[in-house]
Amino acid sequence: MENSKKIVLTFPPELTEVPIVYRLVKDYDLILNILRAEVRESAAGKMVIELTGEEKAIEAGVKYLTDSGLQVRNAEMDIDFREAGCTHCGACVPHCLGEALKMGEDDRLHFDRAACVLCGRCVAACPLRLFRITF
Amino acid sequence: MSVTRTFEEINEKIKAGKAVVVTAEELIGLVAEEGVTAATKKVDVVTTGTFGPMCSSGAYLNIGHPLPRMKLNKAWVNEVEVYCGLAAVDIYIGATELRRGDRANENYPGTFEYGGAHVIHELVAGEKVHIEATAYGTDCYPRKELNGRFSLAQINQAVLLNPRNCYQNYNVAVNRSRERTIHTYMGILKPDFGNANYCSAGQLSPLLKDPTYRTVGIGTRVFLGGGTGYVYWQGTQHHPDVERTEGGAPTVPAGSLGLVGDLKTMKPHWLQGYSATGYGVSLLLGVGIPIPLLDEEVCRAAAATDAELFAPIVDYSSDYPQGNKSPYGKVSYAELKSGSIKIEGRTVPTGSLSSYSKAREIAEELKGWIRSGSFLLGKPVEPLPGPDSGLGFNMFPMDR
């Protein structure tokens, strides 16, 4: 069965040249979707990727990344939305790259955490400053 | 024979707990099912609501005299400068005033995290605020410095006094420039028609439901920031002489209201600080206005649907700042609320700055107040200038 998992990778400077994308595809048979990346030579880098493949392959791939010295976090942990303060205006909606923020039939804002690609556009778009991205 | 009723008759029914009150949304359903005549017969009052940023807002306070006495000359509340050009310890907090030292757009786009509107919110939330003031000193007011804290409950008067609220209809803002994202009071606009932002509750919005000001005027009692307020004058830039639909609703910004109310009766939930990235601070404010169904004409206008109410599409990268005529036409609130609109054949996603679900909550709350008999209708002592008043929108005389 095909599964998907969105993760945030943090590279220490000495590992920015390790070809992790190549390894994950070739050795673990995973489909990679790079959603966001900030990787520069000789500086710590960050990447949001979606891994798709067999559940066991994803597990093994994540283990490979951790063993290589990369920090791996569940991407859903990296956005903080103080939903209780939301007024449901919808100012954030057209800015959301992952289409994770949508107005529902009930005229309220709905946030689909799993669809979030951590683009961060909601942070400046929300006039009540209810979003925080730790990426 | 068609039904007519007066403010006095309706208020008697409210006092007796017999008034029939519905929200504007409910009236729309009723008129669709039973027609205007039957709905007018049945319903006494329709409630409306809006919850959005309203920049031309502020509050004046009398903070009480310190000892020895002082005539404030310059003052800051929570680091936000307040206006002291009034009597000794009267101050006015402007909603859009920035915090001292805010670099504004020097590091573009500025984030504008805190300003006058946030101070007003904190006061309403019951928090203590800090005041720092200086004075030149006089024989009767010798004190030259003040550093202290106060809460709303500790001061004499606190009055929300807003020169312009409840704009009757508003522009749909777009950015037609090719490359640059712009930051406006209408929100963040992506280049090349990346999004279209609007700001009205449409079929729930007070002045779109009484489009020719048949019932709203000076003295109208309203829901203001969760408390009770009044219309004290036409709002600034009130310019009712504009293009209108057959039903009388303006298809561009038109009327506006000056509103006043006791800040001490308001609720923090309905009055919040608003940070517009790259633009500034504003006050997010809830207003609800009751419309008495005096006759069928009032009912018909109050039952206008989102599909019958229109707003103009305006480019904010160049046409709006330069005052050029907008070539993109009008769009209905039904289309805006669908999530996207068509502009010159392209699909453009929409975003709203005002909250429709909060507007609905306000209309519901006001309905409850009237039904319980605790809120009577205020009969205007003077009407507002109407569509035939000739009042237009004047620009500054650049030619002197």
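Is Ser332(B) buried or exposed, and what is its relative accessible area? The first legend gives the answer. This is a predicted model, in which local features need pLDDT of at least 70, side-chain atom pairs count only at pLDDT 80 or more, and totals for chains, interfaces and linings use all residues. Residues are numbered from 1 along each chain as its sequence is written, chains are lettered from A in the order in which they are written, and side-chain values use heavy atoms, without hydrogens or water.

**View 1. Ser332(B) and its contacts.** Ser332(B) is buried, at 5% relative accessible area (buried means under 20%, exposed over 50%, partly exposed in between, with a 1.4 Å probe and protein chains only). This serine belongs to strand S23 (residues 330-332) of chain B (helices, H or I of at least four residues, and strands, E of at least two, are DSSP runs numbered from the N terminus). Beyond neighbours within four places in sequence, Ser332(B) is in contact with Asp306(B), Ala307(B), Leu309(B) and Phe310(B) (contact: heavy atoms within 4.5 Å).

**View 2. The open sheet of chain A.** Here 4 strands follow the order S2-S3-S1-S4, with antiparallel pairing (strands pair if DSSP finds at least two bridges between them). At the edges, each pairing on one side only, are S2 (31-38) and S4 (71-74) of chain A.

**View 3. Strands S1 and S3 of chain A, joined by 10 bridges.** S1 (residues 2-11) and S3 (residues 45-54) of chain A run antiparallel. Look for Ser4(A), whose bridge partner in S3(A) is Thr52(A).
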